[in-house]
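I opened this model to look up domains, sheets, helix packing and the chain contact. My entries follow in the order I worked.

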Amino acid sequence: MIPFMALVRKDLRLFFNDRRAVIVAIVVPIVLASFFGYLFGGQKGSTEMAKVPVLMIDQDGSDISRGLITQLAGDKNLDVKPSSLDDARDAVRKGKATAAIVIPKDFGKDAGNALFTGGKTGASKPELGVLYDPSHNVELGMVKGILSGAVMQSVTQEMFSGRSGREMVNQSLAEVQNNSQIPAEDRKALRDLLGGVKELNERQDQQRGSAAASGQTELSGGLSMPYVTREEAITSGVDVQYNGYAHSIAGMGVQFILFMGLDVGIALLLLRQSGLWQRLRAAPLSRATLLGSRTVSAALIAGFILLVLFGFARVVFGVRILGSFAGFVGVCAAFSLMTAAFGLMVAALGKTPEATRGYSIMATLIMVMLGGAWVPTFIFPKWLQKLTLVVPTRWAIDGLDGMTWRGLGFSSAVAPIAVLLLFTLLFAVVAVMRFRWRTDG
Amino acid sequence: MLEVKGVTKSYGKLIAVTGVSFRADRGETIGLLGPNGAGKTTTVSIIAGLLSPDSGEVLIESKQVKSDTDPVKLKIGLVPQDMALYDQLSARDNLTFFAALYSISGAKAKQAINEALDLVALSDRAGDKVITFSGGMKRRLNLAAALLHDPQILLLDEPTVGVDPQSRNAIFDNLEVLKKRGKTLIYTTHYMEEAERLCDRIVIIDHGRVVANDTLQGLHKLLPVTNIIAIELDRTDGFKPEQMLALPEVTSAELKQNTLHVGVRDLSRGAPGILSWLSENGHSYQHVSSEQPNLETVFLTLTGRSLRDSK
């Protein structure tokens with residue numbers, strides 16, 4: 001036991017003596033996790049999100065187009081500014097605006113017409129031009145959704161209560177009556193609809209007249225969204241809000257601890273080329289002692305890094321272990337052991353430190369990326385989400401998320417712990433089987 | 001004490017050592033002498049249990065090293081050719097760690113460390129990090145680390161590589177102390193002066209084979225000459241050294257630049273005839289000296305190549 005403890009103690013001393021290694025292992029993930037945590041919602045969701053810049057090109061100048069611009073400008077997610085077509089193209093190309101919406105001439109008239117006839121009178125539906133930055137596809141979807149609601153609201157408002165709407169209803173009514181292309185039954189239905197709207201408009205005019213006489217405000221008209229949303233973030237408790245730093249600390253922690261594991265492997269490869277390895281091998285030490293002590297010291301360092309990272313996140317960002325503490329410790333311990341075994345496997349499979357460094361960094365980055373350390377896995381396509389279940393980092397991050405901000409119980413930590421321990425076993429078996437003990441290869 | 005019997009080791013098609021055999025008794029210092037790549041380090045690695053021989057065996061007090069944890073390994077101390085120290089730890093911390101590898105701790109470890117530091121004269125630097133040490137100090141500490149478990153056999157793989165003459169002498173002094181304590185030293189080197197100074201017996205290895213195994217005096221007896229006369233000629237135009245082989249007592253003649261090296265069986269009988277022959281044939285000379293053949297000469301004689309820079 002004395003040699004084993006000495007080997008572990010020596011590894012720990014060498015790690016903590018190397019201040020640069022300690023800084024890289026602790027400070028860098030803290031900085032990156034702080035940044036990503038801030039981007040992904042920050043503490044208690046208080047971070048104000050950046051508005052999507054949208055340019056409006058109004059070539060119509062109608063009541064509807066003006067109403068549409070007013071509707072969009074009122075949306076909290078958009079930063080709407082007027083522009084010309086050429087300026088808008090230039091701005092989108094340069095990335096200064098995410099999208100530009102072109103309202104063509106006669107849009108108001110054609111949209112009102114299309115609203116009631118659906119284009120059946122022969123006139124085509126008007127086109128809203130949307131110029132967009134292809135690197136902002138996600139925001140484009142949001143802009144189109146908001147635009148759709150705003151168009152419906154502004155067009156129907158004008159059609160049901162505006163001046164041009166009344167003219168449009170009268171004109172559409174005349175077109176429907178004279179249009180033989182529309183089947184008789186459809187024509188009757190449209191006539192009834194438009195007639196009803198005309199009657200409604202006349203009644204509203206009367207009400208508006210009496211309201212104006214009594215000093216009341218003008219009545220609004222048109223369709224509106226038939227629902228409102230009540231938003232509730234599902235976290236560990238009713239009053240507990242999501243803390244974006246919890247996930248980012250888990251993600252960055254996993255990434256940098258894996259890099260530490262990688263360093264353990266590379267260091268072992270370098271050790272094999274040195275006189276120190278000869279001295280260690282000349283001593284009466286079993287292979288289990290040599291590799292086991294390395295595993296324990298690497299796992300202790302990994303556990304220490306996780307402890308410091310979550311400790312920092314607790315103090316500075318208020319990240320709390322809202323789930324099972326035992327589950328949290330279990331996931332940390334299992335991941336630490338897996339990291340150590342991963343390092344040993346790197347040393348076992350690598351031939352030279354130089355060559356090994358390249359491919360193992362690539363393997364680590366892929367594991368980290370697929371594990372959801374950079375972006376949450378729900379962004380991935382379905383097939384990729386299923387694939388990531390065979391990536392240990394996915395289980396580590398899910399396990400840490402579950403025990404921190406999701407506030408899940410110990411039972412939810414069992415699967416991540418079991419999977420991580422299975423990976424530990426797998427990596428360790430490969431390492432022991434493939435490790436080259438002799439320096440002659 | 002130590003017996004190496006017919007050890008052979010190959011790396012693929014490359015034969016590192018073949019049929020290497022020698023023995024070392026208690027208190028004896030054996031020099032493994034040979035050029036770089038001769039197979040010295042491979043031999044030492046096999047003795048230390050770092051490599052398994054393809055054939056042959058190594059016996060330490062009649063026992064083979066059978067496993068990684070075999071207690072027989074306690075009888076061996078290895079001083080690797082590469083520095084085997086942790087630069088970021090102090091000398092004492094290094095030694096404490098290496099003592100613990102042999103399950104030595106507490107007061108026993110402290111005593112062993114103090115003795116080792118005293119021997120290599122590093123007690124006053126015990127608390128300093130190794131990274132602050134000179135090359136010679138590191139070499140001495142490298143030696144001290146192999147002594148902590150008090151091994152009977154010390155394997156020293158070129159322990160003076162890259163050190164200044166002063167540090168080399170200090171290491172020699174340390175080794176002579178160990179020799180007086182009855183330790184068996186196996187010392188690999190390609191410096192003949194080191195082998196001549198330290199070793200009781202010298203095993204000359206070349207291309208993985210033992211080409212000689214004897215005491216220094218015994219090796220000298222292998223030589224066809226007892227002396228070499230060096231004569232600095234005024235002019236060497238048209239001089240043919242092989243003509244001198246016809247003279248009695250002359251066994252070799254070689255011209256290096258303007259110095260003629262003539263090997264003779266007997267100096268007193270050979271020298272007058274050589275000098276007379278030169279005068280009679282019009283070869284004037286400035287300087288005459290004689291020297292004893294050394295291990296370099298032995299190696300040259302046995303292998304036909306120089307000891308240093310041999311490939």
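**Entry 1: domains.** Which domains does the assignment give for chain A? I noted first that the model is predicted. For chain A the assignment gives domain 1 as 2-40 + 248-434 and domain 2 as 52-213. I looked up the centres over C-alpha atoms: 56 Å separate domain 1 of chain A from domain 2 of chain A. I then turned to chain B. Its domain 1 is 2-84 + 145-217, and its domain 2 is 227-292. Here the C-alpha centres of domain 1 of chain B and domain 2 of chain B are separated by 40 Å.

**Entry 2: sheet in chain A.** I found an open sheet of four strands, ordered β2-β1-β3-β4 (chain A), with mixed pairing. β2 (78-82) and β4 (129-132) of chain A are the edge strands, each pairing on one side only. On average, neighbouring strands of this sheet are turned by 25° against each other, direction ignored. I checked one pair in detail. Strand β1 (residues 52-58) and strand β3 (residues 99-103) of chain A pair in the parallel sense over five bridges. Val54(A) stands opposite Ala99(A) in β3(A).

Next I asked what packs on this sheet. Helix α3 (residues 63-73) of chain A does, touching β1, β2 and β3 of chain A. Its direction makes about 170° with that of β1(A). Helix α6 (residues 137-161) of chain A lies across β1, β2, β3 and β4 of chain A. I read about 50° between α6 of chain A and β1(A).

**Entry 3: helix pairs in chain A.** I looked up α9 (residues 244-272) and α12 (residues 325-349) of chain A. Their axes come within 7 Å and cross at roughly 35°. The crossing of α9(A) and α12(A) is right-handed. On the α9(A) side I listed residues including Val254(A), Ile257(A), Leu258(A) and Gly261(A). They meet α12(A) residues, among them Phe335(A), Ala340(A), Phe342(A) and Gly343(A). By class, this contact has 14 nonpolar, four polar and no charged residues.

The second pair was α15 (residues 392-403) and α16 (residues 411-434) of chain A. They pack at about 150°, with axes 9 Å apart. α15(A) and α16(A) are therefore roughly antiparallel to each other. α15(A) passes α16(A) in a left-handed crossing. The contact includes Trp395(A), Gly399(A) and Met403(A) of α15(A), and Ile417(A), Leu420(A) and Phe423(A) of α16(A). I counted classes for α15(A) with α16(A): 10 nonpolar, three polar and one charged.

**Entry 4: sheet in chain B.** I found an open sheet of three strands here, in the order β2-β1-β4 (chain B), with antiparallel pairing. Its edge strands are β2 (14-24) and β4 (55-60) of chain B. Neighbouring strands are turned by 20° against each other on average, direction ignored. Strand β1 (residues 2-11) of chain B pairs with β4(B) over five bridges, in the antiparallel sense. Val4(B) stands opposite Val58(B) in β4(B). Helix α1 (residues 40-48) of chain B packs on the sheet and touches β1, β2 and β4 of chain B. Its direction makes about 120° with that of β1(B).

**Entry 5: chain contact.** How many residues of chain B are in contact with chain A? I got 29 residues of chain B against 24 residues of chain A. β5 (76-79) and α2 (91-100) of chain B each supply at least two residues of the side of chain B that touches chain A. The largest share, three residues, comes from α2(B). That side of chain B divides into 19 nonpolar, six polar and four charged residues.

Methods. Residues numbered from 1 in each chain as written. Chains lettered and ligands numbered in written order. Predicted model: local features only at pLDDT ≥ 70, side-chain atom pairs only at ≥ 80, totals over all residues. Contact = placed C-beta atoms within 7 Å. Nonpolar A, V, L, I, M, F, W, Y, C, P; charged D, E, K, R; others polar. Pairing = 2+ DSSP bridges. Axes fitted to C-alpha atoms, helices over the stretch in contact; angles between N-to-C directions. Parallel < 35°, antiparallel > 145°, perpendicular 65-115°, else oblique. Left-handed = near helix turned anticlockwise from the far one by under 90°. Domains from an automatic or database assignment.
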